[in-house]
Amino acid sequence: MSSTDGVLRAFHDIRDALMAPDPTALENLIADDYRGFDIRGMVETREAIIECYQPGVARLEMFEVNDIRTHVSGNLGIVTGLGSLTGTYGGDRFTHVVRFCDIFEARELGWQLLFTQTTEVEETK
C-alpha cells in the first residue's frame with residue numbers, strides 16, 4: 001500500500017468510526033497530541049472528540065466527502081476536501097458543509113490524525 005493510500009485509508013477509517021460511532025477506534029486513529037479547530041474556530045482536543053462520539057451523544061446520519069486531495073511528504077500526510085454532514089448532537093439536528101484540512105502522521109500504530117482545521121462554507125448547488 002502506498003503512503004497516499006495509507007493516509008486515505010486512515011481518513012476513511014476515522015469517517016467510519018464517527019459514523020458508527022466507535023470511540024475505541026477513534027482512540028487508535030487520533031494521535032494523543034492531536035489539536036484541531038472546529039467550524040467556530042474553537043480548539044478541539046482528542047478527548048473532546050472521543051467523548052462526543054460516545055453512544056447517545058452525537059450521531060452522524062450522513063458524512064459525504066467530495067473534492068478530496070492528498071499530499072504525502074515524509075511521515076506527514078495532508079487530506080483536504082469538502083464535507084457534508086448531517087446528524088444530531090444532544091438531541092438537536094445539525095447540517096454543515098465544510099472545507100477541511102486534516103494532517104496525519106505515520107507512527108507506530110500507523111497513520112494517525114494529528115491536526116484538523118474545519119471551516120463552514122455555504123452549500124454548493
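How many residues does the largest nonpolar core have? Let's find out in the close-up views of this predicted model.

**View 1. The largest nonpolar core.** This core has 26 residues. Those with the most contacts inside it are Ile14, Leu18, Leu26, Ile49, Tyr53, Leu60 and Phe104. Several helices and strands each supply at least two of the core residues, among them helix H2 (23-29), helix H3 (46-52), strand S1 (30-37) and strand S6 (110-120). Helix H1 (3-19) is another such supplier, and H1 gives the most, with seven residues. As general background, nonpolar side chains in soluble globular proteins tend to be buried together.

**View 2. The surroundings of Ile14.** Here we zoom in on one of the core residues with the most contacts inside the core. Leaving aside its neighbours within four places in sequence, Ile14 touches Leu26, Leu29, Phe104 and Leu113, with which it is in contact.

**View 3. The open sheet.** Follow the order S2-S1-S6-S5-S4-S3 to trace the six strands of this sheet, whose pairing is mixed. At the edges are strand S2 (43-45) and S3, each of which pairs on one side only. On average, neighbouring strands are turned by 20 degrees against each other, direction ignored.

**View 4. Strands S4 and S5 together.** S4 and S5 run antiparallel and are joined by 14 bridges. To pick out a pair for yourself, look for Thr80 and its bridge partner in S5, Cys101.

View 5. H1 lies across S3, S4, S5 and S6. Relative to S3, H1 runs at about 170 degrees.

Terms used
Residues numbered from 1 in each chain as written. Predicted model: local features only at pLDDT ≥ 70, side-chain atom pairs only at ≥ 80, totals over all residues. Heavy atoms only, no water. Core = buried A, V, L, I, M, F, W, Y, C linked by side-chain atoms within 4.5 Å. Buried < 20%, exposed > 50% of the residue type's maximum accessible area, 1.4 Å probe, protein only. Helix = DSSP H or I, 4+ residues; strand = E, 2+ residues; numbered from the N terminus. Contact = heavy atoms within 4.5 Å. Pairing = 2+ DSSP bridges. Axes fitted to C-alpha atoms, helices over the stretch in contact; angles between N-to-C directions.
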